[in-house]
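Subject: Structure handover, salt bridges

Hello,

Here is the structure you asked about. My notes on its salt bridges follow below it.

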Amino acid sequence: MLVYALIFLTFLLLTFSWLFGIFWGFVFGLWYGKSYWKFSEHTAERVWKGFRELFIWDLLHYYFKFSVIYEDKEAYMMAKSQPCVHAMHPHGLMAITSILGFGLYGTSTDCPKDVLIATSRLVYKIPFVRDIGLWLGGIDAKYEVLTGAIDKGHSILILPGGVQEMVLANRSRLDIYTKHKGFARLAFEKNSPIIPIFAKGENRVVIMLNAFNGLKRWFIAKTGYPIPSLFIGPLPTKLTMVIGKPMFPSDYTSLEELHKAFYENLSELINKHESNPVGQII
């Protein structure tokens with residue numbers, strides 16, 4: 001009888017444990033789901049300043065020997081008294097320069113503060129990854145969301161090269177993809193200064209492995225994401241964020257003129273700060 005009683009008690013415990021787990025899993029799902037239902041990636045309401053300034057991020061800055069160079073810091077600070085559109089190239093595979101310079105700046109006094117980072121909506125679909133993205137100042141890169149952020153007085157960071165520039169990531173070349181005009185249109189329509197930024201070293205953070213290229217092209221065509229991307233890294237590469245002089249849309253007569261002038265200024269930054277750059281403006 002004792003054996004049967006123990007078996008019965010074990011069955012009850014397992015059953016209640018299972019039900020207990022389902023119940024609390026359901027409760028957690030409802031609680032965590034609020035973050036999705038509120039579309040926090042559209043409002044930037046979950047930016048966590050304390051998280052961005054944690055001293056532990058200084059270790060990442062040290063690993064990448066990260067530094068910031070201003071072409072004209074006084075002009076930049078004056079321009080940033082209003083909402084600005086920061087535009088950074090190259091994107092690289094991991095966009096580490098943008099994360100260290102605008103998201104996880106730790107105790108650095110050189111990094112620009114209070115800038116939102118336009119990020120692919122895929123980031124906000126993945127549980128817990130979305131939370132980190134929101135804490136470090138991420139918002140959805142949809143045009144409507146970015147215009148709303150500018151209207152609310154926020155400065156934003158955009159990486160115009162997008163997926164196309166991610167695919168071009170190469171340690172031995174510096175290729176810049178220039179076909180996207182959304183960032184320039186945003187600045188032109190809102191009359192917000194554009195800040196050209198060169199992410200020196202970003203293309204050298206990883207070693208891309210030449211594998212599954214056909215499958216990757218298929219995923220890009222179907223989803224817009226370069227999956228699978230096989231690489232070695234991130235490697236301890238010196239990263240320098242070069243912040244150029246502000247460009248004011250009122251100085252240009254059209255969107256096309258502003259867009260062209262931006263890449264002329266970016267080319268000057270690259271040629272000034274990158275010794276013997278090998279690559280092309282695409």
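E71 and K272 make a salt bridge, with 3.0 Å between the closest N and O atoms. E71 sits in the loop between β1 (67–70) and α5 (73–79), while K272 belongs to helix α12 (residues 255–273), so this pair ties together parts that are 201 residues apart in sequence. Please keep in mind that the model is predicted.

E71 has 25%; because exposed means over 50% and buried under 20%, E71 is classed as partly exposed.

A salt bridge also joins K190 and D151, where the closest N and O atoms are 2.9 Å apart. This pair too links distant parts of the chain: K190 is in helix α10 (residues 182–190) and D151 is in helix α8 (residues 143–151), 39 residues apart. D151 is exposed, with a relative accessible area of 54%, whereas K190 is partly exposed at 30% relative accessibility.

Another salt bridge is formed by the side chains of R173 and D175, at 2.9 Å from N to O. Is D175 buried or exposed? D175 has 10% relative accessibility, and because the cut-off for buried is under 20%, D175 counts as buried.

In total, the count comes to seven salt bridges. Among them are E71 with K272, K190 with D151 and D175 with R173.

Regards

How values were computed. Residues numbered from 1 in each chain as written. Predicted model: local features only at pLDDT ≥ 70, side-chain atom pairs only at ≥ 80, totals over all residues. Heavy atoms only, no water. Salt bridge = Lys/Arg side-chain N within 4 Å of Asp/Glu carboxyl O. Helix = DSSP H or I, 4+ residues; strand = E, 2+ residues; numbered from the N terminus. Buried < 20%, exposed > 50% of the residue type's maximum accessible area, 1.4 Å probe, protein only.
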